[in-house]
Amino acid sequence: MIGVPGAGVAMHALIAELYPICRSITGAGLRQTLARIAREIPLVVHEVPSGTRVFDWTVPREWTIRDAWVRDAAGRRVIDFQRHNLHVVNYSVPVRARMTLAELRPHLHTLPDQPDAIPYRTSYYKESWGFCLAHRQLEQMPEGEYEVCIDADLHDGHLSYGECLVPGSGPDEVLISCHACHPSLCDDNLSGIAVAVFAARALAQARPRHSFRFVFLPGTIGAITWLSRNEDRVGSIRHGLVLTCLGDRGGFTYKRSRRGNAPVDAAVEHVLRHTGTAHRTLDFSPYGYDERQYNSPGFNLPVGCLMRSEHGRFPQYHTSLDDLDFVAPRSLEESLAVLLAVFQVLEHNRTFRNLNPKCEPQLGRRGLYSGLGGTDIRQQELAMLWVLNLSDGDHDLLSIAQRADLPFAVVAEAARRLAAHDLLAPA
Ligand code: ZN
């Protein structure tokens, strides 16, 4: 597999820089995140005004959070946004009040089953406010009066998203999408952002055939906004992936596109099988991340979702436990390598036609056997025979690799060698 040595540590460092920023679906934290990404890769930031209609939705107001706390009778900040971004319900409306614990309680969110974790809660599409805290801490809060402050406002502004295009030599595009709206959560979204940034950097040096379009946007509303503004462009998207949860220590999870048999589905499954790492594959469901929007029936784009641990299925998910320790440089580096290997397959997957289809050509006479080297000569011979046999114009190299149960790179190299001896031509 193609690795980028040292990238795991560098990706983890980028995550550590982005971790303290309080992001939301709009506002300063999201903008600051995009500005940081723009220092790594060429990023065009788009600003879409609040109130803009995007299909059935409306671009929301901008959320600005300055401070938030709950003070006890002695004036101590018992819940303090300055200590953790997750303490305030994201997108809370402002509040300033005194109330009893009983009155405050409906606004406090905890996880009784995970008493030390602060949950992540949002109130994007209904006006409310609240705080999140460890259940153990709530249990220790005495009855009495509390002073509550959320110094925030919601005002007409913009929704921001960033786009990085690595131009290709041909007209086809690959879409890579990451949500960038979660505050202080590492695996769920910062890992996807970091892997995407480093993949974009690696591709920029490779002069690819496809154009690779990386989008960093707020979940759901950002993807809907992007699609509504790029409807005329989506026809050139041949493959796509949503990236998230790529830094934890679990095996890989791949969620197929709605089509289920798109080339990107075959490419990811092929790479995961041949890397030998633990993985599982899920069929598409209209639940999860922004693949829901890309795979909506009016678009039906071939976009899958690449994860390690599946969102919602691990205890750290959407809690303060999804922190810098939960994501590992090694996992990030392996995720990047898998992604780049998938790109390699998409880049080199072609369909050929056997120019000598009546019986096998004499490979020995052409020096095609003696030119082989390395430890897997038998595999290389087999690959040539499979490529010759299945290159009838209907099978691309990836389907040949699957049928032959050989690594794609070996099959692609066999095709290159056969084409160089005029035994194959592009179909
Ligand atoms: Zn999430």
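Student: Which residue forms a salt bridge with D153?
Tutor: This is a predicted model, where local features need pLDDT of at least 70 and side-chain atom pairs count only at pLDDT 80 or more, while totals for chains, interfaces and linings use all residues. Residues are numbered from 1 along each chain as its sequence is written, and side-chain values use heavy atoms, with hydrogens and water left out. A salt bridge here is a side-chain nitrogen of Lys or Arg within 4 Å of a carboxyl oxygen of Asp or Glu. For D153 the closest N and O atoms are 2.9 Å apart, and the partner is R66.

Student: How many residues apart in sequence are the parts that D153 and R66 tie together?
Tutor: Strands are DSSP runs of E with at least two residues, and helices are runs of H or I with at least four, numbered from the N terminus. D153 sits in strand β9 (residues 145-155) and R66 in strand β4 (residues 62-71), so the parts they tie together are 87 residues apart.

Student: Is E147 buried or exposed?
Tutor: Go by relative accessible area: buried is under 20%, exposed is over 50%, and partly exposed is in between (1.4 Å probe, protein chains only). E147 meets R96 in a salt bridge at 3.3 Å, N to O, and R96 is exposed at 58%. E147 has 18% relative accessibility, so E147 counts as buried.

Student: Which strand holds K255?
Tutor: K255 and E291 meet through their side chains in a salt bridge, 2.8 Å from N to O. Both of these residues are buried. E291 lies in helix α8 (residues 291-294), while K255 lies in residues 252-255, strand β14.

Student: How many salt bridges does the structure hold?
Tutor: Some of them share partners, and those join E17, R36, E40 and R201 into one network. For the structure, the count is 29.

Student: What are the protein donors of the zinc ion?
Tutor: Donors are N, O and S atoms within 2.8 Å of the metal (3.2 Å for Na, K and Ca), and since water is not among the atoms, sites may look incomplete. The protein donors lie 2.0 to 2.1 Å from the zinc ion, and they are H182 (NE2), D188 (OD) and H318 (NE2).

Student: How far apart are the C-alpha centres of domain 2 and domain 3?
Tutor: The bounds come from an automatic or database domain assignment. Domain 2 covers 72-155 and domain 3 covers 351-426. Their C-alpha centres are separated by 64 Å.
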